[in-house]
Amino acid sequence: MYSKEENKIALQVPFSKNDISIQADVVEEIMRIDGLDQVEIPESITISPSVEKNHRKYLLREKLSNQLAGSGFHEMFTNSITNSAFYNELQLEKAVKMINSLSNELNMLRPEMLQSGLQVIAHNINRKNNNLMLFEFGKTYHQPQQHSYTEQQHLALYISGNVIAHGWNSKPQKADLFYLKGITENLLRSAAAEKISFVEHQDANLVNATTICIREIPVGIIGEVSPTLLKAFDIKQPVFFADLKMDELYHLKSKPILYKEITKFPTVNRDLALVVDKNVSYSQIERIALSTKINQLTNVQLFDVFESEKIGAGKKSMALSFTFIDEQKTLT
């Protein structure tokens, strides 16, 4: 019905046309019936450019993916629906269970990234693909209280077997925790992280586990998968695992990359052997050394650990190399 006074058209849409609900749908129908060739093409079109919000999340994810691929890693995608048999009672307390599960083996949403990755590793090892460097961007799901659910985004890293294959002029290099730690540190620096530290941590699924911190804020965990968990997945070789909380990394503010001329003055290295208690870690010594705020001190590196009854019970000797440089003059 058309009203000339109000310059309006009232339409009644048939029940069969359930896709017509707004004014634009009506215009589309009229154009389709009258013919698209009848619509004049204007000489110019004015549009407003779209502004993407929170684009750093996608840029950072792409950056880390490219860096890992360049380091020899392969990306994998696992199912976020998993088997509750992989988890203990404590983990299941706050897990998100499915009401209508697909099967008995797929009956809950995963509370951790580790177990789904171990399934992939076991699948590859059973097919003689023993040297693995894998990563995955995924989510974990939790139920902190009844009818309340949370999602967390993660970047999980897995290495197992050899990281360098056997060659005619080189021996194979086995994966270890320190290799994965170096990869993890490089990723964090690419994400604009500062003051990275590793703090000892107890974890039921990991051996020699440490918490990864940025400015003393926990952002992940790294360690060797425990033999008990490996046995549950029938994996007979060591697996090393790192888990980064991407939600924490997305909040880091990126900084421009700055370059400066290489100094003309030579560096000076001084080695120092320290006798300390066995429970003293290198990270503690490094933190103390850097806290002195000596401007010329640019690097501290551990190169030897020696333990013997000759240096005392419960003691060890840690040999460190200190690198100094002065950009204004030659050190004496």
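Are Tyr 158 and Phe 241 buried or exposed? Both are buried (under 20% relative accessible area, with exposed over 50% and partly exposed in between, for a 1.4 Å probe and protein chains only). The model is predicted: local features need pLDDT of at least 70, side-chain atom pairs count only at pLDDT 80 or more, and totals for chains, interfaces and linings use all residues. Residues are numbered from 1 along each chain as its sequence is written, and side-chain values use heavy atoms, without hydrogens and water.

An open sheet of seven strands runs in the order S3-S7-S8-S14-S13-S12-S11, with mixed pairing. Strands (E, at least two residues) and helices (H or I, at least four) are DSSP runs, numbered from the N terminus. Two strands pair if DSSP finds at least two bridges between them. The edge strands are S3 (74-75) and S11 (196-200), each pairing on one side only.

Strands S7 (residues 132-145) and S8 (residues 148-160) pair in the antiparallel sense over twelve bridges. Leu 134 stands opposite Tyr 158 in S8. Two residues lie between the strands of this hairpin, where His 147 takes a positive phi near 65°. S8 also pairs with S14 (residues 239-245), antiparallel, over seven bridges. Here Ser 160 faces Val 239 in S14. S12 and S13 are antiparallel too, with seven bridges.

The largest nonpolar core has 31 residues. Such a core is a set of buried Ala, Val, Leu, Ile, Met, Phe, Trp, Tyr and Cys residues joined through side-chain atoms within 4.5 Å. Leu 68, Leu 155, Leu 157, Met 246 and Leu 249 touch the most other members. Helix H5 gives the most to this core, with five residues. Met 246 touches Leu 60, Leu 64, Phe 137, Gln 153, His 154 and Leu 155, not counting residues up to four places away in sequence (contact means heavy atoms within 4.5 Å). Apart from this core lies another, of 21 residues, among them Leu 134, Tyr 158, Val 225 and Phe 241.

The structure holds three aromatic pairs. Rings of Phe, Tyr and Trp (its six-membered ring) pair if their centres lie within 6.5 Å; planes under 30 degrees apart count as stacked, over 60 as edge-to-face and the rest as tilted. Phe 135 and Phe 137 are edge-to-face, because their planes stand at 90°, with ring centres 6.1 Å apart. Phe 135 is buried at 2% relative accessibility, and Phe 137 at 8%. Tyr 158 and Phe 241 form a tilted pair, 5.2 Å centre to centre and 45° between the planes. This pair links strands S8 and S14, its residues 83 apart in the chain.
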